[in-house]
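User: Hello! I am new to this structure and would like a friendly tour in questions and answers.

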Amino acid sequence: MFQLVDISDTCRVDPDLFNKPMKEAVSESISERYVDKVIDGVGLAIMLYEVYEISEGFVYHGDGGAHVDVTFRLLVFRPFSGELLQGYILESNAERVRLTTQFFDDIFVPRSLLQQPSEYDEAEHVWVWSYGENQLYLDAEDEKGQLQPLLFRVVEVEFNSRDPSKPPMMIKASMKEDGLGLMSWWEEGEDGHDEEEEGEGEEDGEEMEEEEAEKMG
């Protein structure tokens, strides 16, 4: 999900930062330029991890800032194909579900990659999975208004640097396999199974106690 990436670039240090140590000033300039932004073909920059090299600064005519050549390392978000991630629902429509990790919002699950069979409820604006005789709603929030966590699998990561109408980075995801979708779907099933086994164990214990009592009698 996260990777360390080395980058070499020319960084401009604003005159307002000249009163700080060079490495600190360069670090702030790098962070302002890269952090929370998508680097085409690389991923979403999360934080500056380390600065390796800083050259002597030089000033262009008419520009009061110092320009330095730097080599640094960034922590970036770029999940690999097939990776399993946790997220939350941002919105749903008849074509897809949009998810968020709460720091990256452009994750899309097309209708064909939802649990099957699923139908979109136009009135409720939610997808509904028909699981046997049960209707499981892919709700963003639970009854208490809390966001519901879900699991999804990364299909591919797409980058876009040409069309400004599209996000610079998008993740195509899938929830079309056992264990994916709302975590509450599967947790409830496991709890029910455990309760059933626990009930059977209690019944067995009661029968053994009755047999022991008969023998003693």
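Analyst: Welcome! This is a predicted model, where local features need pLDDT of at least 70 and side-chain atom pairs pLDDT 80 or more, while totals for chains, interfaces and linings use all residues. Residues are numbered from 1 along each chain as its sequence is written, and side-chain values use heavy atoms, leaving out hydrogens and water.

User: How many helices and strands does the chain have?

Analyst: Helices (H or I, at least four residues) and strands (E, at least two) are DSSP runs, numbered from the N terminus. Counted in this way, the chain has 2 helices and 13 strands.

User: What share of the residues is buried?

Analyst: Buried means under 20% relative accessible area, exposed over 50%, and partly exposed in between, with a 1.4 Å probe and protein chains only. The chain has 217 residues, and the part that counts as buried is 35%.

User: Is Asp142 exposed or partly exposed?

Analyst: Asp142 sits in the loop between strand E10 (134-137) and strand E11 (150-159). Because its relative accessibility is 31%, Asp142 counts as partly exposed.

User: And why does Glu122 count as exposed?

Analyst: Look in the loop between strand E8 (118-121) and strand E9 (126-131) to find Glu122. Glu122 counts as exposed because its relative accessibility is 53%.

User: What separates the C-alpha atoms of Glu122 and Asn93?

Analyst: Along the chain, Glu122 and Asn93 are 29 residues apart.
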